Amino acid sequence: MNFKNVTVAGSGVLGYQIAFQTAFHGFKVSVYDINDDVLAKVKAKFFELSECYKHDLNATQEQLDNTFNNLSYCSNLAEAVKDADLVIEAVPEDVGIKTEFYKQLSQVAPEKTIFATNTSTMLPSQFKDLTGRPEKFVALHFANKIWVNNMAEIMGHAETDKKVFDNLVEFAKAIGMLALPIYKEQPGHLLNSMLVPFLISATELWVKEVSDPEMIDKAWMKSFGSPLGPFAILDIIGINTVYNVAKLNVDTNPNMAPLLEKLDAEFIRPGYLGMFSGKGFYNYPNPAYETANFLK
Ligand code: NAD
């Protein structure tokens with residue numbers, strides 16, 4: 001793997017974290033987004049993020065200065081990718097936006113450039129023919145709070161070159177990730193393939209009034225020594241996102257309709273949107289599941 005220059009396309013929730021983490025580990029990173037206003041805001045967000053690196057990783061001022069020196073900003077796609085060994089795409093989870101993005105990217109990126117998508121719910125094979133280089137196209141999926149939840153799932157499609165895949169595994173390690181290679185294309189990668197059915201099962205117990213969220217969480221936490229139960233995880237993901245995912249599945253899963261109704265009435269309308277809003281299934285910043293007596 002001899003990548004030097006990486007372009008991160010899309011500087012939202014995940015993109016700006018991927019850009020900073022990659023620059024922190026010594027790569028030159030060009031941050032690309034739709035206009036200069038968005039890019040001006042991301043610069044400010046990087047300063048906030050650097051405080052987390054100090055606090056959570058004991059990052060030194062010298063490391064952070066080097067990180068900022070490795071970052072550049074560009075709202076012209078051709079310019080942003082002109083030297084790129086790798087483009088990591090983190091544009092919104094919307095088929096239309098991603099389709100348009102790959103059409104444009106394939107026109108302007110150098111032949112050598114590898115493309116990686118951070119999509120959570122789509123597959124690389126959906127976009128491979130738009131890239132103009134299916135053999136150099138891979139999914140590279142990160143988790144939110146990348147600097148502490150530092151894992152990356154690497155998943156090719158049937159035509160991905162093995163060498164490209166291996167290079168991405170090496171790259172993931174080089175930016176401080178636990179690299180998790182996936183050998184077959186799988187919707188939801190590893191984590192979400194397990195997590196989504198688990199969370200759906202938990203919400204079904206709640207919707208059917210079999211028990212309440214605290215008891216359901218306690219059953220899981222006590223049995224496996226887990227610090228979080230499913231409803232604490234839903235709070236971390238955010239109730240809005242949970243609502244949107246349930247909405248996407250309403251045609252295929254009959255249990256989604258009562259869940260949507262309950263979430264809307266009890267959480268969305270009153271504004272209890274999970275951890276970031278101060279209230280979801282639990283109250284924050286000191287949720288009950290973190291107290292010493294919770295499992296007594
Ligand atoms: P987001 O909406 O927070 O950010 C998207 C960014 O892309 C915004 O800055 C937006 O201005 C920019 N953008 C829009 N159109 C663009 C275009 N044509 N070209 C370049 N930039 C464009 O989204 P997000 O939550 O960061 O998600 C991005 C990707 O990461 C999605 O594919 C999502 O599935 C994946 N992901 C998200 C999370 C998460 O927890 N949010 C976790 C893992 C993976």
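**Chat about a sheet and a helix pair**

Me: Which residues does UniProt give for the domain feature?
Reply: The unreviewed UniProt entry places the feature "domain: 3-hydroxyacyl-CoA dehydrogenase NAD binding" at residues 5-182, and please keep in mind that the model we are looking at is a predicted one.

Me: How much helix and strand is there over residues 5-182?
Reply: Over that stretch the chain is 46% helix and 21% strand, and the C-alpha atoms at its ends are 25 Å apart.

Me: What is the strand order in the open sheet?
Reply: The open sheet has 8 strands in the order 3-2-1-4-5-6-7-8, and its pairing is mixed. Strand 3 (71-74) and strand 8 (178-182) are the edge strands, each pairing on one side only, while the twist from one strand to the next averages 25°.

Me: How many bridges join strand 2 to strand 3?
Reply: There are 4 bridges between strand 2 (residues 28-32) and strand 3, and these strands run parallel; Y32, for instance, stands opposite C74 in strand 3.

Me: Which strands does helix 3 lie across?
Reply: Helix 3 (residues 61-70) lies across strand 2 and strand 3, and its direction is at about 30° to strand 3.

Me: Switching topic, how do helix 8 and helix 9 cross?
Reply: The axes of helix 8 (residues 191-207) and helix 9 (residues 213-224) come within 9 Å and cross at roughly 140°, and the two helices are therefore oblique to each other. Their crossing is right-handed.

Me: And which residues make the contact?
Reply: Helix 8 contributes F198, A202, L205 and W206, and helix 9 contributes P213, I216 and W220; these residues divide into 7 nonpolar, no polar and no charged.

Key:
Residues are numbered from 1 along each chain as its sequence is written. This is a predicted model: local features need pLDDT of at least 70, side-chain atom pairs count only at pLDDT 80 or more; totals for chains, interfaces and linings use all residues. Side-chain values use heavy atoms; hydrogens and water are left out. Two strands pair if DSSP finds at least two bridges between them. Axes are lines fitted to C-alpha atoms, for helices over the stretch in contact, and angles run from 0 to 180 degrees between N-to-C directions. Contact means heavy atoms within 4.5 Å. UniProt positions are given in the numbering used here, feature names are shortened, and annotations may be inferred rather than shown by experiment. Angles under 35 degrees count as roughly parallel, over 145 as roughly antiparallel, 65 to 115 as roughly perpendicular and the rest as oblique. A crossing is left-handed if the near helix is turned anticlockwise from the far one by less than a right angle, and right-handed if clockwise. Ala, Val, Leu, Ile, Met, Phe, Trp, Tyr, Cys and Pro count as nonpolar, Asp, Glu, Lys and Arg as charged, and the others, Gly among them, as polar.
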